[in-house]
Amino acid sequence: MLSRVADSLYWMSRYLERAEHTTRLLDVNLNLMLDESANSAERRWQRVLQSLGSPKDVTWDRDPFALTRQLTFAAHSQSSVLGCIVAARENARHVREQISTEMWQRLNSLYLQVTRPEMQSDMHAEALLREHEAPTEFLSQVMEAVHQFQGVTDSTMSHGEGWQFIQVGRYMERASATAMLLESYQDELWREHEHLRDGNEFLEWMGLLRSATAFEAYCKVYTADLAPEWILEFLLLDADFPHSLRFSINSMQHALEAVEHVSGGARSDKLSRISGRLSATLSYSSVEEIMSGGIVKYLHQVQKHCAEIHKAIYELYIDYSVQSALAG
Amino acid sequence: MLCECDAILTSLMASDDAQYPGLENYQLDHAYDEMFDPAGQLHEHYLPLMNHFSSLPKEDLQRKKQAADLSFLNQGITFTVYGRDEGTERIFPYDLLPRVITAREWDRVETGLKQRITALNLFLKDIYNEGRILKDNIVPRELVYSCKQFRRHMIGLNVPRNVYIAVVGTDLIRLESGEFVVLEDNLRVPSGVSYMLTNRRVMKRIFPQLFRSYNVRPIEQYPPLLLATLRSLAPDRRPEPNIVLLSPGGFNSAYYEHAYLARQMGIELVEGRDLSTHDNVVYMRTTSGLRRVDVIYRRVDDDFIDPLSFRADSMLGVSGLFNAYRAGNVTLANAFGTGVADDKAIYAWVPSIIKYYLGEDPILPNVKTYLMSEPKERDHVLQNLEKMVVKAVGESGGYGMLIGPQSTAAQRADFADKIKSDPRNYIAQPTINFSRAPCLVDDGFQARHVDLRPYPGRAQEGIARGQQFPRRRQQRHLGLK
C-alpha cells in the first residue's frame, strides 16, 4: 500500500472520530444545561474546551451558544465539527480509489449536507431568531452519519492493510480523547474537596459517562450506583467497552500487529515494543495502583505513549528515509 | 422555420398520435440536426426514443434529471473549476436525452479512426527515428522541428512495441451535409472517458427500456482493454508488471477521472511525490518499503513530468523519470512528444500522412485549414478574419481561440498582430456549423451544438479491434441559447 494512502486513511479516520467525539461532547453538555446552577455553566464549558485539548482558535467568552456554534461551524478550524468533516472528506477524496464506493458516498453526502450554503445561513438566521437554541438536530445527524460510515466501512471494505490503518487512526484518536476527557474531570472525580461537592455531582458523573457513550454500559456492570473509582475503572480498564482506554489501546495494538504482519517485518521492533507495552500496562493494572500513583500523571503517560506510537508509525511506514528502505 | 416546426407536429400527430411535449418551439436551422431531417421529420432511429420520452409526464422527466444530477454529485463525479474559489466542484453538464448514432455511421467512424491513429503512430515513430516523411518532403521539416511539442529527447529512442499512442480522444463534428469530419486529434493526455462510462451507467439506470429496444453497443470493456494495453507495454515484457496511474493530484480538474480509472483497472493511483528514482529505476513508496514501477499511465503533461529534464519548476513530476525511461526501465503511456502529432498545423497534413504510410485515402476528412506560415493563406485569412476561427496550434479545449463572427474589431486586430508576429503558432479554419441536437433544459428541449469524442482502445494484437470501440461519447454543449 502506498505510504501516502496509509497517511490519508489514518487521518480520514482520526478526523471523523474527532468530529463524532466533539459532537457528542457538545450534545451532552447542552443537555446538562437544562439542569444547571448559575456557577456550574462556567466550569462545565471550560472543561469541554479542556477535554478537546484547549484548541487555540476557540475562546470561551461566557456564552455557551456562541461556543457551541464555534465548535460546530467554524469552517477553517480543525477543531470544529465542520472542519473535521471537511478534512476527513478531503483525505477520503485523495484516496477515492482505495475506499469503497459506499464509504465515499456516505461521507460525501455528509459533507455536501454540512457545507451547503443554506446550511450556514439557516443556522445563522435561527440563531438570531432564537438566541438560546442549539443545533441539536444537526449534531445528532452528524453522529448518525459517522456511525453509518463506520458500519459501511466494516461491511464493504476489505479488512486488509488499508482498513487496519483506519482502525489505527480511529482508536488512536479515541484513546487520546478519552485520556483528555478523564483528565478534564479530575476535580470532580477524585479530588476530595468537599466544598466542590454540592449534592449534584452525580449529574457531572453522568455527563462524563455519557460523553463516552458509557452510561448504559456502565450500569450493566456496576448498576446505576455512580462512584468515582468505578467510573474511572470502567473508562480506563474495562476490557469490553469500545470507548474505554484499554479497549481502544488494545484495538489499536491489534490493528498495528496486522499491519506489521503485512508490511512491517523486522523493521517494526520499536513500534511493537511501545504499543505492546502500553497495551500490557492497561491490561494488567488495577485502578487502586493507578490512583495511588497519581491519576493525572498516569493519563499524561498514556498520552505521551500515544504520541510516541504516532511518531513511530510515521517513521516506519510513511516518512522513512530512502536510504533505510534501499538497505532493507 | 416555423412552418417546418409545424410540419413536425403535424406529421407526428398524423403518424402515431404522439405528442412530443417540450419540442413545440424547437426550430431547425442550417446546421445538421441529429434528431430531425431538413423536412422536419424525425430520423427513424430517434423514433423509439421520442416515443418513450413522450410517454413520460413532463414532471417525471425533470425528476429523472434531478435524480441523475444528485447521483453525480453524491458520487463525487465532478470536475474542478479553475480560477474560482479553491476547490469549487461542479458536476459535469449532462443531458438526459441521448444522442443516437446508427451502426452504419459508427462503423465508418470506427474504421476512419483506426486508420488515422495507425498513421499518426507511424508518423511519430518515423519523425523520431529515420524521418523518411521529412526526407521525402511530404511534411515540411521546419514545421515538425518548430513544433513546441516536438521533443528532441525522443530522437532515436526505442519505444516498447513502437506504441507511442496508447490513449486517444479524437474530436469529431458533423458538417451540414451530415458527414463526420475530424476537428482535432488529442494524443497527449486526453480526458473524459470516465464521464462517458459513468454517463452510460446512469443512463442505464434511468432508461433501462431504451437499452433493450436499441441494442446499444457496450462500452464497459474500456478499462480492461486499457489495462491489457498497458500490461503489454511492460519493459522486457516483464510478466507481472507493476502498473500505476500518475495523476497531478486531488486539485487537478480531472482528478475524479484518474481515481475512477485506477479503481476500474485495479491499479495504484500515484502522485509525483509517491515516486522516486534510483539507478534509473522508478520506485513507489509503500508502507512495506520501496516497490519497483514498470508501466506508468501518466496523466501529467510532458512539460511537468520530470523537473530534471523538462520544466524545472514542476512540483508534479518525478526527478530522473526521463532517464529511467530512456534506460528502458519504465514505460510511459502515452510516450513523450506525442503532442507533435496533434499540433494544429500538423493536423493540416494528416491526410497526406495517411496516404504516405498506408497508401489509403482518409476515411474521415479534415476541416479545411489555413496555415498562417504560408503567405498566401495568411493573406486570405487576414482579409476574412470575421468569417474565420483562429486557433493557437498547441492549445486545446477552447483556449487561445478567436471566433470570427462573435469577435470584436479590437479582438480581431489583436489576433492579426499575433498572427503576423508568430505565424507558425496559428492556423485558421472557416466557421463551421456544428450539428445540433435537442437537449433538455429547464422547460422543454432546446438545440445545442454538439461534437463527438470517441475513445478508441488498442487491442492486444496491436491495433484497435473493431467492435470494441466505445459508442457513446460525451456531448459538449457549445452554448447556443
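How many residues does the contact between chain A and chain B take from chain B, and how many from chain A? Some notes on that and on the rest of the model, which is a predicted one.

1. **Where the chains meet.** The contact uses 23 residues of chain B and 22 residues of chain A. On the chain B side, two helices, H3 (58-75) and H10 (255-265), each put in at least two residues. So do four strands of chain B, namely E6 (268-271), E7 (275-278), E8 (281-286) and E9 (289-292). If you want one element to look at, take E6(B): with four residues, E6(B) gives the largest share of the side of chain B that touches chain A.

2. Strands E7, E8 and E9 of chain B form an open sheet in the order E7-E8-E9, with antiparallel pairing. E7 and E9 of chain B are the edge strands and have a single partner strand each, so one side of each has no neighbour in the sheet. On average, neighbouring strands here are turned by 40 degrees against each other, ignoring direction. E8(B) and E9(B) are joined by four bridges in the antiparallel sense. Keep point 1 in mind here, as E7, E8 and E9 of chain B each supply at least two residues to the side that touches chain A.

3. **A helix crossing in chain B.** Helix H4 (residues 103-127) and helix H13 (residues 350-358) of chain B have axes that come within 9 Å and cross at roughly 80 degrees. That angle is why H4(B) counts as roughly perpendicular to H13(B). From H4(B), the residues involved are B:Gln115, B:Arg116, B:Thr118, B:Ala119, B:Leu120, B:Leu122 and B:Phe123. They meet B:Val350, B:Ile353, B:Ile354, B:Tyr357 and B:Leu358 of H13(B). By class, this contact has nine nonpolar residues, two polar and one charged.

4. **Domains of chain B.** Chain B is assigned domain 1 (2-91), domain 2 (103-361 + 458-468) and domain 3 (370-429). Domains 1 and 2 of chain B touch, and the contact takes 15 residues from domain 1 and 15 residues from domain 2. On the domain 1 side, helix H2 (47-55), H3 and strand E1 (78-80) of chain B each supply at least two residues. That side is made up of eight nonpolar, six polar and one charged residues. Note that H3 of chain B turns up again: it is also listed on the side that touches chain A.

5. **Domains of chain A.** Here the assignment gives domain 1 (1-157) and domain 2 (162-328). Their contact takes 26 residues from domain 1 of chain A and 22 residues from domain 2 of chain A. Helices H1 (3-32) and H2 (38-51) of chain A each supply at least two residues on the domain 1 side. H1(A) provides the largest share of that side, 17 residues. By class, the domain 1 side has 10 nonpolar, nine polar and seven charged residues.

6. **Chain B as a whole.** The secondary structure of chain B comes to 15 helices and 17 strands. Of its 481 residues, 42% count as buried. Among contacts in chain B with a separation of 6 or more, 69% are between residues 24 or more positions apart.

Conventions. Residues numbered from 1 in each chain as written. Chains lettered and ligands numbered in written order. Predicted model: local features only at pLDDT ≥ 70, side-chain atom pairs only at ≥ 80, totals over all residues. Contact = placed C-beta atoms within 7 Å. Domains from an automatic or database assignment. Nonpolar A, V, L, I, M, F, W, Y, C, P; charged D, E, K, R; others polar. Buried ≥ 20, exposed ≤ 12 C-beta atoms within 10 Å, placed from the backbone. Axes fitted to C-alpha atoms, helices over the stretch in contact; angles between N-to-C directions. Parallel < 35°, antiparallel > 145°, perpendicular 65-115°, else oblique. Pairing = 2+ DSSP bridges.
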